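Hi,

Here is the structure I promised to send over. Have a look at it first, and then read on for what I found.

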Amino acid sequence: MDTCPKCGYLRTPKDIDKPDDQCPSCGVYYAKAVRAIGALKELKAKKEVKNQKTTKSILTQAKPPKYSRQPAFPTIKIPDLAMISDERDLRHISIKRKIWSILLTAMLFFGTAIAINKQFSSSTIFSNFIATPIKPSDSILNDYSVVQAAKMNIAEHYAYNGTFPNSNMEARIAPPEKFRGMTLLSLTISEGGRINLEFDALSGHDGGLIQIIPDSSLAESIGLQWRCMTSDYPDIDKIIKNCKYIEKN
């Protein structure tokens with residue numbers, strides 16, 4: 001292959017000493033890049049077929065509008081003055097009723113607010129709020145959602161290059177300290193595409209670490225697999241599904 005399907009680099013005679021199946025410019029393997037581009041095109045074609053079917057079903061279900069025959073020159077009716085006056089009176093009555101209903105609703109609202117204010121003071125509400133702290137498991141589970149975006153970037157890097165990224169920069173995600181959450185301190189990608197999540201004391205363990213490790217042994221058939229493990233949270237399987245606790249040696 002002379003032209004790279006990813007970056008469009010055209011091979012020259014100077015590249016004769018470089019591998020024939022790899023792009024001298026971006027380093028991607030031609031075969032893997034072609035497979036990745038083909039998979040994206042196939043997914044796009046499926047979406048287009050699905051949209052066409054949806055549009056067709058909507059068009060088939062739509063009923064043609066019914067047209068009524070009306071005379072070209074409709075007859076002009078002369079309004080009755082007595083009827084007009086009655087309609088005006090009815091409008092005034094309805095407006096007055098609406099005003100009264102709004103005033104009564106406002107009075108009931110303020111009366112209820114005053115009664116609640118007398119029964120519960122602001123200090124009591126504030127003390128009740130402080131008495132219900134956030135659970136460590138809830139804070140960890142809430143911050144764990146950032147892992148999905150990191151997994152997607154790592155999988156994309158592996159599909160194009162055949163290797164895992166060794167840093168946040170190679171995976172094209174924000175620096176580690178930018179991933180701050182309720183208890184999350186950082187998200188760092190290390191060698192082999194390993195995702196390292198570091199938490200503060202709110203998680204129940206100051207400096208606690210959870211690792212998510214990619215497995216490419218079945219990448220050709222079912223895609224990348226991920227293993228979650230930690231040595232700092234014994235009850236991690238109750239917080240994150242399929243995450244294992246491993247005791248430190």
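Which residues touch the most other members of the largest nonpolar core? Keep in mind that this is a predicted model. The core has 25 residues, and the ones in question are Leu-187, Ile-195, Leu-197, Ile-210, Ile-212 and Ile-240. At least two core residues come from each of helix 5, strand 1 (184-190), strand 2 (194-199), strand 3 (209-215) and helix 6 (236-239). The top contributor is helix 5, which gives four residues.

Setting aside residues up to four places away in sequence, Leu-187 touches Val-146, Ala-150, Asn-168, Ile-173, Pro-176, Phe-179, Ile-195, Asn-196 and Leu-197.

Now to helix 5 itself, which covers residues 147-161. One residue I looked at there is His-157. Is His-157 buried or exposed? It is buried, because its relative accessible area is 16% and the cut-off for buried is under 20%. Beyond its neighbours within four places in sequence, His-157 is in contact with Gly-162, Thr-163, Phe-164, Pro-165 and Glu-170.

Next, the disulfide. There is one in the structure, formed by Cys-228 and Cys-243, with the sulfur atoms 2.0 Å apart. The link is left-handed, with -60° about the S-S bond. What does the pair tie together? Cys-228 sits in strand 4 and Cys-243 in strand 5, so the bond joins parts that are 15 residues apart in sequence. Both cysteines are buried: Cys-228 has a relative accessible area of 9%, and Cys-243 comes in at 3%.

A few loop residues are worth a click too. Asp-235 lies in the loop between strand 4 (225-230) and helix 6. With a relative accessible area of 45%, Asp-235 is partly exposed.

You will find Arg-172 in the loop between helix 5 and strand 1, where it counts as exposed at 73% relative accessibility. Asn-242 also has a positive phi without being a glycine, with a value near 65°. Its place is the loop between helix 6 and strand 5 (243-245), and it is exposed as well, with a relative accessible area of 64%.

Finally, how confident is the predictor? The chain averages a pLDDT of 80, and 78% of the residues score at least 70. Among the elements of the chain, strand 2 has the highest mean pLDDT, at 97, while helix 3 (residues 122-130) has the lowest, at 49. Strand 2 is also one of the elements that supply at least two residues of the core.

That's everything from my side for now.

Cheers

How values were computed. Residues are numbered from 1 along each chain as its sequence is written. This is a predicted model: local features need pLDDT of at least 70, side-chain atom pairs count only at pLDDT 80 or more; totals for chains, interfaces and linings use all residues. Side-chain values use heavy atoms; hydrogens and water are left out. Buried means under 20% relative accessible area, exposed over 50%, partly exposed in between (1.4 Å probe, protein chains only). Contact means heavy atoms within 4.5 Å. A nonpolar core is a set of buried Ala, Val, Leu, Ile, Met, Phe, Trp, Tyr and Cys residues joined through side-chain atoms within 4.5 Å. pLDDT is the predictor's confidence in each residue, from 0 to 100. A disulfide is a pair of cysteine sulfur atoms within 2.5 Å.
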